[in-house]
Amino acid sequence: MPRAQVNEITIEYDTFGRNDADPLLLVMGLGAQLVFWEEEFCESLASKGFHVIRFDNRDCGLSTKFDKADVPSLKTLMSNDHSNEAVALPYTMDDLADDSIGLLDTLGIQSAHFVGASMGGMIVQTVGWRHRERVRSITSIMSTTGDPSLPPPSPEALSVLFPPPVSGKDEYVKNALKSWEVVRGSGYVPDIDRIRKRSERSWDRCYAPEGVQRQMAAILGQGSRKAQLSELSVPFLVIHGTDDPLLSQECGQDTADAVSGAEIILIEGMGHDMPRETWPIIINGIANLALA
């Protein structure tokens with residue numbers, strides 16, 4: 001896969017579809033490599049008339065790691081009184097958002113449609129107000145505004161964010177399958193083979209769990225995005241599952257309510273994952289918004 005030099009770091013990326021089609025950037029979530037945007041999903045989007053770009057966020061996959069950086073205390077960042085403290089972060093959500101724009105710059109793309117899942121949704125929301133002139137549309141999937149008054153993750157789902165260290169590939173895949181069982185939702189037939197293959201590929205590309213904590217620090221350091229979202233004037237779609245134990249349905253609804261004119265698609269029984277059965281709904285939703 002090609003690499004780009006962006007904001008003094010290296011970003012690993014991949015593309016699908018014609019170079020002269022409408023650019024569409026896919027931004028993945030916490031600790032999730034670009035392979036979580038599966039090839040068939042990307043090819044289906046490309047068939048709708050998009051030049052699809054997926055990439056590894058900083059500190060994930062084959063993009064630059066920040067292993068020499070200190071990791072701030074997540075407990076401090078999660079406390080209610082840290083807002084008056086100067087908390088040093090290895091990088092911020094603004095940096096993650098700017099990486100997306102830097103990748104577009106490298107590819108010679110002036111503006112694009114942005115699609116983000118989970119933390120990726122937070123990133124594309126941030127792109128929306130930091131780089132409005134570069135944004136054609138935003139789709140925020142299974143994400144949130146970051147409002148602290150929203151329902152928290154279930155204890156089981158929260159534990160999934162920070163799995164214990166593993167000593168090898170088999171243990172990693174086993175833990176990934178357990179985590180997926182917690183967050184997947186109850187509305188679809190489990191596709192264990194799909195998740196196993198995705199987990200095996202993630203391990204083979206790069207196992208770097210330390211980046212998850214640094215990415216989480218960036219999320220917590222940003223706080224609520226509702227004020228900035230209320231000022232957005234861009235075609236905006238929220239897609240969310242009704243059975244998401246990590247970021248509840250209320251998180252998706254709150255995101256849609258925060259953006260004037262936003263649309264929302266609620267997928268019955270979908271958890272914090274995008275089963276193949278949901279792909280037509282998600283892909284058509286993205287295309288209908290972007291190509292309207």
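Mentor: A residue is buried under 20% relative accessible area, exposed over 50% and partly exposed in between (1.4 Å probe, protein chains only). The model is predicted, local features need pLDDT of at least 70, side-chain atom pairs count only at pLDDT 80 or more, and totals for chains, interfaces and linings use all residues. Residues are numbered from 1 along each chain as its sequence is written, and side-chain values use heavy atoms, without hydrogens and water.

Trainee: How many salt bridges does the structure hold?

Mentor: A salt bridge requires a side-chain nitrogen of Lys or Arg within 4 Å of a carboxyl oxygen of Asp or Glu. By that criterion, the number in the structure is 25.

Trainee: Is Arg54 buried or exposed?

Mentor: Arg54 pairs with Glu39 in a salt bridge, with 3.1 Å between the closest N and O atoms. Arg54 belongs to strand β4 (residues 50–55) and Glu39 to helix α1, so the bridge ties together parts 15 residues apart in sequence; helices (H or I, at least four residues) and strands (E, at least two) are DSSP runs, numbered from the N terminus. Glu39 is partly exposed at 27% relative accessibility. Arg54, by contrast, has 0% relative accessibility and therefore counts as buried.

Trainee: Which helix holds Arg130?

Mentor: The closest N and O atoms of the salt bridge between Asp94 and Arg130 are 3.2 Å apart. This pair links distant parts of the chain, 36 residues apart: Asp94 is in helix α3 (residues 93–106), and Arg130 is in helix α4.

Trainee: What is the relative accessible area of Arg184?

Mentor: Arg184 meets Glu181 in a salt bridge of 3.0 Å, N to O. Glu181 is partly exposed at 39% relative accessibility. Arg184 is buried, because its relative accessible area is 17%.
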